[in-house]
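Colleague: I am new to reading protein models. Could you walk me through a few features?

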Amino acid sequence: RGWLECTGPVTARGLAARLGVPSGAVDAALARLEGDGVVLRGSFTPGEAAGGEWCERRLLARIHHLTVGRLRREIDPVTAADFMRYLFRWQHVATGAHLHGRDGLAAVITQLHGLELPAPSWERSVLHARIEHYDPTLLDELCFAGVVAWGRFSPLAELAPGTRPRRRTAPTRVAPLALALRDDMGPLLAARGTQSEMTSTGPLALAAKTPGDTTVKPERLSAVAREVLTVLRTDGASFLGDIARAAGLEPIAAEEALWELVARGLVTGDGFAGLRTLLAPVEPAPERRLRALRGGRAPRRALPVGRWALLRGRTPTVSGDAVAEHAARALLRRWGVVMRELLARESLAPPWRVLLAVFRRLEARGEVRGGRFVAGFVGEQFALPEAVEALRAVRRQRDDEEVVTIAAADPLNLAGIITPGARVSPLSNQVIAYVRGIAVEIGEAEFVRHRLATPPLAAPAGG
């Protein structure tokens with residue numbers, strides 16, 4: 001014990017040679033000290049075999065604290081503009097960073113796993129910006145193969161106790177939906193039931209709790225939606241025609257009911273093609289009647305493809321700690337560098353104080369780095385080791401007036417969050433043009449394209 005308190009990490013063979021006693025006696029003494037909780041066994045020096053070294057517990061804690069402090073002091077923070085340039089590459093939006101094919105699409109969905117965006121924006125702007133020559137059939141293949149699923153995972157806003165809704169509002173076609181890896185959906189489904197509890201109790205108290213009932217209250221649904229929901233609960237996964245016949249509805253009415261259930265987070269489909277049809281605008285009833293009076297024929301509407309089923313069958317039993325760690329790792333994959341401000345774009349993320357405990361634990365394990373990576377922001381920041389190297393590479397590289405244009409619904413719409421200026425609503429149908437990580441134009445796509453193509457006015461003589 002006396003030698004271990006001053007030598008630091010050492011092997012049993014090295015300690016036996018230093019003391020001049022048989023190695024068997026040293027092994028027995030180390031085992032007794034380990035049982036008393038005085039020393040710890042592990043691999044503390046690079047190149048040593050796993051579990052081959054010993055170190056006194058308090059001395060190891062001091063070494064670890066000094067190492068973390070030294071690593072944090074080594075970080076040279078970048079500007080917000082350089083951070084945006086890094087994000088364009090990290091999320092494969094910048095020129096030359098796009099991915100290709102089905103494997104590339106799976107990698108993008110892995111990075112954006114569980115992020116809820118306006119439903120039409122996924123194929124209209126987000127996937128097109130990251131996949132070179134994006135083909136919608138690639139997403140259908142991943143869905144039908146059981147790799148990718150989609151749905152709404154965030155909880156709906158609850159009414160205050162003792163109050164009643166004034167009226168039932170039908171969901172719009174821009175309801176938030178997420179793409180997710182089917183094998184990792186358990187924590188997402190459990191997060192809906194634990195998010196409100198996590199805000200008030202913390203993840204430690206949630207470890208002994210099971211997620212609550214997340215069923216939408218009947219008064220929040222229309223009568224037709226309740227009939228379709230009953231059919232799906234009784235018959236299981238069904239095609240649109242089977243649902244319409246079982247509920248005694250016209251196909252167009254069954255479509256509207258399915259979209260209401262999808263937007264409420266109750267129903268999903270086994271493919272993405274059916275969702276595309278639901279997102280397509282339906283001709284309003286007055287226009288249909290006017291067309292009939294004029295003797296015209298309504299355009300043929302494609303029926304949703306694939307089967308429809310409940311998004312949540314049996315609620316998975318996942319502890320609050322597991323939900324928080326799953327969310328922390330998802331944030332690290334998505335952003336590489338995570339700080340509190342980025343949670344403004346995350347509807348399913350636990351509170352920052354909950355994530356902070358997880359990130360500190362991952363830093364203690366050596367899985368992430370902590371420090372000040374982006375200048376101008378208050379609070380702790382954490383990053384993957386490969387993200388730290390990517391930040392340094394971006395700072396050394398200078399972009400020659402490269403323009404990166406993203407849609408307002410894109411997760412990289414961080415105007416007013418990371419970059420200065422007012423925030424741009426994801427529902428505004430606007431685009432943001434960046435040059436060297438700085439937003440230079442915000443507006444409609446045609447307007448921004450015209451402004452970027454117009455050369456700046458020359459300064460007047462003598463001005």
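Modeller: Gladly! Contact means heavy atoms within 4.5 Å. Here, leaving out residues up to four places away in sequence, Tyr86 touches Trp335, Gly336, Val337, Ala387, Ala390, Leu391 and Val394. This is a predicted model, where local features need pLDDT of at least 70, side-chain atom pairs count only at pLDDT 80 or more, and totals for chains, interfaces and linings use all residues. Residues are numbered from 1 along each chain as its sequence is written, and side-chain values use heavy atoms, with hydrogens and water left out.

Colleague: Which residues have the most contacts inside the largest nonpolar core?

Modeller: In soluble globular proteins, nonpolar side chains tend to be buried together. A nonpolar core is a set of buried (under 20% relative accessible area, 1.4 Å probe, protein chains only) Ala, Val, Leu, Ile, Met, Phe, Trp, Tyr and Cys residues joined through side-chain atoms within 4.5 Å. The largest one has 52 residues, and Phe83, Tyr86, Phe359 and Ile418 have the most contacts inside it. A second, separate core of 48 residues includes Ala225, Leu261, Leu278 and Trp308.

Colleague: Which residues of helix α12 are buried?

Modeller: Helices are DSSP runs (H or I, at least four residues), as are strands (E, at least two), numbered from the N terminus. In α12 (residues 240-247), the buried ones are Leu240, Ile243, Ala244 and Ala247. They sit on the same side of α12 because they cover an arc of only 95° around the axis, taken from the directions from the helix axis to the C-beta atoms.

Colleague: What do they pack against?

Modeller: The buried residues of α12 pack against α11 (223-235), α13 (251-263) and β8 (308-310). After α12 comes Gly248, with a positive phi near 70°.

Key. Buried means under 20% relative accessible area, exposed over 50%, partly exposed in between (1.4 Å probe, protein chains only).
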